[in-house]
Amino acid sequence: MTIHSSAPIVHGPKSTQRLGRSIAIDLTAPQVNLVVERGSTLPRASVIVTTTARHLIEQSKTGDKIENLIVTGSAVDPTAHPDFREIGENLRALRDKGFPRAKMCLFSNCREFESGELRIALGYFDKLFFSFEWGTAKTFTQATGEKSTVLATLTRQLASLDHVIVQARFFRG
């Protein structure tokens, strides 16, 4: 019999050089109970929002200054969560109540921005960090196995978003 444990959804606050004092919220932290659907390990939106609310209340009581709420995904990209828009909206409301000066940040590897639902959800964030690890179309094709036209589409879609910060890592191979 295998016993699975739930991973924490909220981490921090932690001080980082780039983003200062931040709290990270993992939308895809594997959970055993209270999951989105049978066969999934993604936590329900209500679990994410309630856990975050409790954590923010604790931080507010201690008088801790929070500069950023960072939304991430450890198991899969956070934008893949079926309730991503609802979660983003609720996290923004929580932030506005407890830490109105904090920025909402999203760290994502998403490569598809056509969905209107996703574009609305991205509007809840002040900073959008996207990985963009390919310097050329050839490198993109080698790294992903996809056609270079996909890179052109991705570049065009990223350019249409506000508050985008591109993260690049360079590699050889």
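Predicted model: local features only at pLDDT ≥ 70, side-chain atom pairs only at ≥ 80, totals over all residues.

Colleague: Then is A29 buried or exposed, and why?

Modeller: A29 is buried, because its relative accessibility is 0% and the limit is under 20%.

Colleague: Where does A29 lie?

Modeller: A29 is found in the loop between β2 (20–26) and α1.

Colleague: Which residues does A29 touch, apart from those up to four places away in sequence?

Modeller: A29 touches A7, P8, I9, T41, P43 and S74.

Colleague: How far apart are A29 and E133?

Modeller: In sequence, A29 and E133 are 104 residues apart, and their C-alpha atoms are 24 Å apart in space. For A29 and V71, which are 42 residues apart along the chain, the C-alpha separation is 11 Å.

Colleague: Let us turn to V71. Where is V71 placed?

Modeller: V71 belongs to strand β3, which covers residues 68–72. V71 is buried, since its relative accessible area is 1% and the limit is under 20%.

Colleague: What is V71 in contact with, leaving aside neighbours within four places in sequence?

Modeller: V71 is in contact with I25, L27, P78, L91, C105, L106, F107 and F125.

Colleague: And T52, where is that?

Modeller: T52 is in helix α1, which comprises residues 45–62. With a relative accessibility of 1%, T52 also counts as buried. Not counting residues up to four places away in sequence, T52 touches V10, I25, L91 and L94.

Colleague: A change of topic: how many aromatic pairs does a search of the whole structure find?

Modeller: The search finds five aromatic pairs. One of them is formed by F107 and F129, and this pair is stacked, at 4.3 Å centre to centre with 5° between the planes.

Colleague: Which parts of the chain does that pair link?

Modeller: The pair links distant parts of the chain, for F107 is in strand β4 (residues 103–108) and F129 is in strand β5 (residues 127–131), 22 residues apart. F107 and F129 are both buried.

Colleague: What about F132 and W134?

Modeller: F132 and W134 form an edge-to-face pair, with 5.5 Å between centres and 65° between the planes. Both residues are buried. Together with F140, they form one aromatic cluster.

Colleague: I also noticed S131. Where does it lie, and is S131 buried or exposed?

Modeller: S131 lies in strand β5. S131 is buried, because its relative accessible area is 13% and the limit is under 20%.

Colleague: What joins the side chains of S131 and N109?

Modeller: A polar contact of 2.8 Å joins them. Beyond the residues up to four places away in sequence, S131 touches S108, N109, Q167 and R169.

Colleague: Finally, what is the volume of the largest pocket?

Modeller: The largest pocket has a volume of about 170 Å³.

Colleague: Which residues line the largest pocket?

Modeller: The lining consists of Q59, S60, G63, D64, K65, I66, E67, G98, F99, P100, R101 and A102.

Colleague: How many of the lining residues are nonpolar, polar or charged?

Modeller: By class, the lining has four nonpolar, four polar and four charged residues.

Methods
Residues numbered from 1 in each chain as written. Heavy atoms only, no water. Phe/Tyr/Trp six-rings, centres within 6.5 Å; stacked < 30°, edge-to-face > 60°. Helix = DSSP H or I, 4+ residues; strand = E, 2+ residues; numbered from the N terminus. Buried < 20%, exposed > 50% of the residue type's maximum accessible area, 1.4 Å probe, protein only. Polar contact = N/O pair within 3.5 Å; in protein donor to acceptor, adjacent residues only side chain to side chain. Contact = heavy atoms within 4.5 Å. 1 Å grid on protein atoms, 1.4 Å probe; cavity = no way out; pocket = protein on both sides within 12 Å on 5 of 7 lines; lining within 4 Å. Points joined across faces, edges and corners; volume = space filled by probe spheres on them. Nonpolar A, V, L, I, M, F, W, Y, C, P; charged D, E, K, R; others polar.
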